[in-house]
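Look at the sequence and the structure below.

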Amino acid sequence: MREQSRERIIQAALKLFAHKGFYSTSIADIAKEAGVAKGLIYNYFESKEALMEGVIMHIFEVGANILGEMQKLETAFGQFEFLINLSFDYIRKNFDLTKIMTQVLLQIDDFPNLRETLMGRYTALMPAWIYLFEQLNYPDPRGEALMLGAMLDGIGINYLSLRNDDLLSEHEAIIRRRYLDPHHP
């Protein structure tokens, strides 16, 4: 029961932060959306900022579970294809999550406790990406991993701004040609 209440609060906060923004959303709004008393939120989170941190940590937990699935695949190419599929599926199907992560990254100074956490998660993911590029015999695995990450971040921001599915599909086709087509240089 306790975990269900916490999950409802996080899901309500995620929805409202994404649609109204962090600063325009009150704890009362979140309580109403979650169907809980305002005071209950403070049993789980000491402040709205702590609730945002809880939302981000929830997103990381989901991501860690998905990466665990990727690592079960036997080949580097299969893992890499999974990663690209996942990236575009995530942008398409998790608009609210993508929007919140982008908002937090663009306003990171407003969430000082998250800066270290985000940097730690980013730093922890990089070796896995570099390893995949090494296994696929790219001449500059680190550079390629950094470039792909930046491209995916940019594509996500572009989609948040324009909400153009055709353009997202075009970006996906370019990334697929570049990284999954064996005939691409």
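In this predicted model, the buried residues of helix α4 are Lys48, Ala50, Leu51, Met52, Gly54, Val55, Ile56, His58, Ile59, Phe60 and Met70. They pack against six helices, which are α1 (2-20), α2 (27-34), α3 (38-44), α5 (76-93), α6 (95-106) and α7 (112-135).

Helix α4 covers residues 48-71, which is 24 residues.

Where is empty space left inside? Rolling a probe the size of a water molecule over the atoms shows this. The search of the whole structure gives one cavity of 30 Å³ or more. The space in the largest cavity is about 40 Å³. The table describes this cavity.

| Feature of the largest cavity | Value |
|---|---|
| Volume | about 40 Å³ |
| Lining residues | Leu67, Met70, Leu83, Leu125, Ala128 and Trp129 |
| Elements giving two or more lining residues | α4 and α7 |
| Element giving the most | α7, three residues |
| Kinds of lining residue | six nonpolar, no polar, no charged |

The last topic is Glu172, which sits in helix α9 (residues 165-180). Is Glu172 buried or exposed? Its relative accessible area is 14%, which is under the 20% cut-off, so Glu172 is buried. Neighbours within four places in sequence aside, Glu172 is in contact with Phe88 and Arg92. With Arg92, the side chain of Glu172 forms a polar contact of 2.8 Å.

Technical notes
Residues numbered from 1 in each chain as written. Predicted model: local features only at pLDDT ≥ 70, side-chain atom pairs only at ≥ 80, totals over all residues. Heavy atoms only, no water. Helix = DSSP H or I, 4+ residues; strand = E, 2+ residues; numbered from the N terminus. Expected span 1.5 Å × (residues − 1). Buried < 20%, exposed > 50% of the residue type's maximum accessible area, 1.4 Å probe, protein only. Contact = heavy atoms within 4.5 Å. 1 Å grid on protein atoms, 1.4 Å probe; cavity = no way out; pocket = protein on both sides within 12 Å on 5 of 7 lines; lining within 4 Å. Points joined across faces, edges and corners; volume = space filled by probe spheres on them. Nonpolar A, V, L, I, M, F, W, Y, C, P; charged D, E, K, R; others polar. Polar contact = N/O pair within 3.5 Å; in protein donor to acceptor, adjacent residues only side chain to side chain.
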